[in-house]
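Here are my notes on this model. Keep the structure open as you read, and check each point against it.

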Amino acid sequence: MATGEKGARATVPALAAQGLTLSWNGVEVVVGDVSLEVGAGEICCLVGRSGCGKTTILHALAGLTTPLAGRVLLHGQDVTGQPGRVSYMLQKDLLLPSRRIIDNVCLPLVVSGMGRAEAHARAEPLFGRFGLAGTQRLWPSELSGGMRQRAAFLRTYLMGTDVTLLDEPFSALDALTRVDMRRWFVGMVGELGLSALVITHDVDEAVFMASRVYVLAGAPSAGEASHVSGEVAVDRAGMSSEEAFELTDEFLIAKRRVMALLG
Ligand SMILES: Nc1ncnc2c1ncn2[C@@H]1O[C@H](COP(=O)(O)OP(=O)(O)OP(=O)(O)O)[C@@H](O)[C@H]1O
């Protein structure tokens with residue numbers, strides 16, 4: 001599908017932003033009239049230059065801020081300004097250094113009132129599935145960067161919502177680990193039946209992971225509110241599972257479109 005085309009998405013999206021206008025101080029508009037959708041079971045990425053307002057959008061979608069205008073819909077229901085309706089993984093893994101991995105990942109369950117033993121029983125069976133078998137009793141400092149991110153993602157998953165927002169989840173990792181992690185992440189989102197919106201600076205990463213890439217353009221620091229300059233649908237039709245998608249023509253076509261929109 002060509003840049004900017006929206007196609008026929010008949011079903012209610014898992015998550016939608018409609019005409020969001022956002023400010024960090026209630027006065028200066030950082031993001032103006034942004035609309036986007038994440039379909040059920042879909043991974044979408046949001047790319048844009050540093051400071052253009054990506055995190056500001058994620059905060060509004062997570063209900064942590066109230067927009068100046070516009071609304072956030074979760075499965076068609078208005079959840080504008082309501083925190084806790086979608087799960088949110090911050091840019092840094094923020095694992096607490098003084099808690100073992102099991103207690104770190106159980107944090108959302110315990111905070112929501114579940115007893116520690118019950119929370120452990122809920123989380124334990126998921127460790128293997130998240131590639132963390134045997135790490136339950138370890139401290140965060142004993143894990144590799146990729147394992148820490150998997151633990152942070154497990155903690156995010158345990159928030160118990162089917163829509164997840166991730167802010168630069170792999171930016172702190174080395175290049176090879178990033179490649180492994182994005183493959184792993186795409187597989188896990190499919191296996192767990194999640195819908196995800198991911199912020200990334202990395203166009204290759206966005207095109208690899210997403211079925212749609214939204215490009216945000218603008219310069220809020222210069223008084224120019226950001227807007228979605230276009231969306232690029234990524235065509236994987238006809239790809240065999242053994243094929244390396246990043247080596248295909250379809251990958252390069254989508255990458256060029258995203259780059260053109262970034263300017
Ligand atoms: N607390 C704040 N104080 C001052 N300016 C802020 C604050 N929060 C956000 N901004 C401004 O709002 C704009 C958008 O910030 P935001 O963090 O959303 O951008 P971003 O695209 O996520 O950036 P990056 O890619 O560097 O993380 C920037 O110009 C930033 O300077």
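Predicted model: local features only at pLDDT ≥ 70, side-chain atom pairs only at ≥ 80, totals over all residues.

1. In H6, the buried residues are Arg 148, Gln 149, Arg 150, Ala 151, Ala 152, Phe 153, Leu 154, Arg 155, Thr 156 and Tyr 157. That is ten of the 13 residues, so the helix is mostly covered, given that 20 or more C-beta neighbours within 10 Å make a residue buried.

2. Now look at the length of H6. The helix runs over residues 145-157. From its first C-alpha to its last it reaches 18 Å, close to the 18 Å expected at 1.5 Å a residue.

3. What do the buried residues of H6 pack against? The partners include two strands by name, E6 (87-89) and E7 (163-167). The helices on the list are H2 (101-105), H3 (107-111), H5 (126-129) and H7 (175-192).

4. Next, the ligand. Its surroundings include Trp 24, Val 30, Pro 220 and Ser 221. Gly 48, Ser 50, Gly 51, Cys 52, Gly 53, Lys 54, Thr 55 and Thr 56 are also in the shell. Helix H1 (residues 54-61) gives the most to this shell, with three residues. By class, the shell has seven polar, four nonpolar and one charged residues.

5. Thr 21 deserves a separate look. This residue sits in strand E1 (residues 15-23). Is Thr 21 buried or partly exposed? It counts as partly exposed, because it has 17 C-beta neighbours inside 10 Å.

6. Which residues does Thr 21 touch, leaving aside neighbours within four places in sequence? Its contacts are Val 29, Val 31, Gly 32, Asp 33, Pro 67, Leu 68, Ala 69 and Gly 70. Leu 36 lies 15 residues from Thr 21 in sequence, and the two C-alpha atoms are 13 Å apart.

7. Step back to the whole protein. There are nine helices and ten strands. The radius of gyration is 18 Å, close to the 18 Å that the globule rule gives for 263 residues, so the protein is as compact as a globular protein of that length. The C-alpha trace spans about 50 × 45 × 35 Å along its principal axes. Buried residues make up 39% of the 263. Among contacts between residues at least 6 apart in sequence, 68% join residues at least 24 apart.

8. Finally, confidence. The average pLDDT is 91, and 94% of the residues score at least 70. Read residues 1-8 with this in mind: their pLDDT stays under 50. For that stretch the model has ten contacts beyond four places in sequence. For the complex, the predictor gives an ipTM of 0.94 and a pTM of 0.91.

Key: Residues numbered from 1 in each chain as written. Helix = DSSP H or I, 4+ residues; strand = E, 2+ residues; numbered from the N terminus. Expected span 1.5 Å × (residues − 1). Buried ≥ 20, exposed ≤ 12 C-beta atoms within 10 Å, placed from the backbone. Contact = placed C-beta atoms within 7 Å. Near = placed C-beta within 6 Å. Nonpolar A, V, L, I, M, F, W, Y, C, P; charged D, E, K, R; others polar. Rg over C-alpha atoms; globule rule 2.2 N^0.38 Å. pLDDT = per-residue confidence, 0-100.
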